Amino acid sequence: MADVPHTSARHTTNEGGASLDFNSVFVRPGEATELPRFELPRGQALPETAYQIVHDEAMLDGNARLNLATFVSTWMDDEARRLYAETVDKNMIDKDEYPQTAAIEERCWRMIADLWNVPDVQDSIGTSTIGSSEACMLGGLALKRHWQARRRARGESTESPNIVLSTAVQVCWEKFCNYFEVEPRWVPISAEHPMLDGHDLEKYVDENTIGVVAIMGVTYTGAYEPVAEIAGKLDQIEEATGLDVRIHVDGASGGMVAPFCQPDLEWDFRVERVVSINTSGHKYGLVYPGVGWIVWRDTEALPESMIFHCSYLGGDMPTLALNFSRPGAQVLLQYYMFLRLGWEGYRQVQQGSLDVAQFLSTEIGKLAPFELVSRGDTIPVFAWRLKEGYTDTWTLYDLSDRLRMKGWLVPAYPLADDLAHLTVLRIVVRVGLSRDLASALIKDIAGEVLFLDELDSPMPRRGAGSHFHH
């Protein structure tokens, strides 16, 4: 599932001027040194010139290694990059043309199903997606289709489906409810219940509930929602009302951390109410952006109406997705990572990120202004806040801005609902953030805190708040 802010459908730009000027040292005799910025150029350019223009524009982006806001993978090794270049032309949807890529896709989701303790790998079904957001859409749609089928079989209305989820879910779930016309039953977070934990669940579940979403790795704080406890509360609800409500686990991040670093935690298909799980291959699956995964407990959990059948090599290849043409290279990269690292390699990589996250949270917790909200001991993500009453001259938005001046992207944003008055800073640790880089970050945070503490009046600002939304 992609870690993106809410955005408007309209795009505006701060770019000045209608033309793009570039250094004449890069062009060949007779080539233009000025091109329209928002119109297709009339003539052609040599590939070297076009490359240099795009290269120099992209150079203005931030340093991916210092981007501590995103969950998305920003580094792979040389062999992976070579494989990427060799397979970038493969279209995942074209299973007749690329049958071996299709076969490798199936190997991958079956490996993931086994990782998530599916009861019978041969009876399960799964697919790759363009990311975990698409996987969430498919998981929610399967819940809705099953609910509709049950209601129709009993001659009951299918007009008002709802889904129960925490207000701390990623924005893709808002999209699901909007696009597929499902009422969201938002369970608010609070100081007493900072995540969906089953508390008061009976107030939200009724005969129109298609399912409950549990998050393994809340993007605000990194916390795991207790899937087994939620299932236990649904057991009580079924005993009292007869309503059999199932769970989809959004494991966008935790789905590729918990199996390796918290193997005894029961959150996956060991919990009988869990019918589907998604994850991001391009987050802690350690692949470049463009791949997600979803697995259903068994073939019965995925409505047949969502499956399209394609024959290849004389056999049947079921296919399902919201997107049509999409990259096949990232699926091959996922297989490469599975072969390259294996179970023990993934454990070492994820534990290394957890160790760095807990080193950072411990050191930040020692600084006078701060109080930890989480520690980075679930997924390698943690958040912290300013102590109440510590200062009236600066905020966490100011600290975020000061760190950005040094190249670090550390987002500040408010929590949801009853905790909206709390602003936090959050760090996502990914492979590539070494202990040495983490030590440099601590030094920079401490230095900027010293600068801010020495202010004798509030930092000037045009407005409070952030455009960042988990």
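Two strands are taken as paired if DSSP finds at least two bridges between them, and helices (H or I, at least four residues) and strands (E, at least two) are DSSP runs numbered from the N terminus. The structure is a predicted model, in which local features need pLDDT of at least 70 and side-chain atom pairs count only at pLDDT 80 or more, whereas totals for chains, interfaces and linings use all residues. Residues are numbered from 1 along each chain as its sequence is written, and side-chain values use heavy atoms, with hydrogens and water left out.

On these criteria, three bridges join strand E14 to strand E15 (residues 423-428), and the two strands run antiparallel; Tyr413 has Val424 of E15 as its bridge partner. Both strands belong to an open sheet of four strands, ordered E12-E13-E15-E14 with antiparallel pairing, whose edges are formed by strand E12 (370-372) and strand E14 (412-414), each pairing on one side only. From one strand to the next, the twist averages 40 degrees, where axes are lines fitted to C-alpha atoms, for helices over the stretch in contact, and angles run from 0 to 180 degrees between N-to-C directions. Helix H9 (residues 396-405) lies across E12, strand E13 (381-386), E14 and E15, and runs at about 35 degrees to E15, contact being defined as heavy atoms within 4.5 Å.

Buried here means under 20% relative accessible area, exposed over 50%, and partly exposed in between (1.4 Å probe, protein chains only). When residues up to four places away in sequence are not counted, Val227 touches Ala214, Met216, Ile247, Val249, Trp267, Val271 and Val274.

With a disulfide defined as a pair of cysteine sulfur atoms within 2.5 Å, the structure holds zero disulfides. Cys136 is in no disulfide, the nearest cysteine sulfur being that of Cys172 at 3.9 Å, and Cys136 counts as buried because its relative accessibility is 1%. Cys261 is likewise in no disulfide, with the nearest cysteine sulfur, that of Cys108, 20 Å away; Cys261 is buried, its relative accessible area being 17%.
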